[in-house]
Amino acid sequence: MDLPGQQSQGQRALVLFSRALLMRCPVCGHGGIFRSWFGIKDRCPHCGFVFNRGESGYQLGSMAFDLVIPLIIWFVSFFTILYLTWPDPPWNLLQWGSVALMIALPLLLYPISHTLAIALDVLVRPVRRRD
């Protein structure tokens, strides 16, 4: 049974991932955490949370998200178009659209995949005072 001031694990995950999808700090929910589209600041400017958390290989989670999310989007869109247009699918659209999606989506989704990886890390390893 949850105490009134505590969130359940599911509610906490929902809050963390919704903040991450909005490209905000998963810990406090404030924006301004990116220096540029491909560069995140070392700390959250509002709460001071250290995004790197002092570990090597920290970027592997964001790279995995940045590869898997476009793959899922491509898979769903490819087979939906194939199903809806069968028996005469637009093969040129599917071929060149696939190339365009697999080049553009990782670039477009980079900041979101980065904040999603941070949110997953915060969910698995909750923030401690030294973080």
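Are Phe 49 and Phe 51 buried or exposed?

Tutor: Phe 49 is buried, and Phe 51 is buried too. Buried means under 20% relative accessible area, exposed over 50%, and partly exposed in between, with a 1.4 Å probe and protein chains only. A word on the source: this is a predicted model, where local features need pLDDT of at least 70, side-chain atom pairs count only at pLDDT 80 or more, and totals for chains, interfaces and linings use all residues. Residues are numbered from 1 along each chain as its sequence is written, and side-chain values use heavy atoms, leaving out hydrogens and water.

Now the rings. Rings of Phe, Tyr and Trp (its six-membered ring) pair if their centres lie within 6.5 Å; planes under 30 degrees apart count as stacked, over 60 as edge-to-face and the rest as tilted. By this rule there are five aromatic pairs. Phe 49 and Phe 51 make one of them, edge-to-face, at 5.7 Å centre to centre with 75 degrees between the planes. Phe 78 and Phe 79 are also edge-to-face, because their ring centres are 5.1 Å apart and their planes stand at 75 degrees. Phe 78 is buried, at 15% relative accessible area. Phe 79 is partly exposed, at 38%.

Contact here means heavy atoms within 4.5 Å. Val 122 is buried, because its relative accessible area is 2%. Val 122 sits in helix 4 (residues 110-124). Helices (H or I, at least four residues) and strands (E, at least two) are DSSP runs, numbered from the N terminus. The C-alpha atoms of Val 122 and Ala 13 are separated by 9.3 Å, although the two are 109 residues apart along the chain.

Helix 4 has another partner. The buried residues of helix 3 pack against helix 4 and against helix 2 (60-85). In helix 3, the buried residues are Leu 94, Ser 98, Leu 105 and Pro 106.

Finally, the whole chain. It has four helices and two strands, in the order α-β-β-α-α-α along the sequence. Buried residues make up 31% of its 131 residues. Of the contacts with a separation of 6 or more, 61% join residues 24 or more positions apart.
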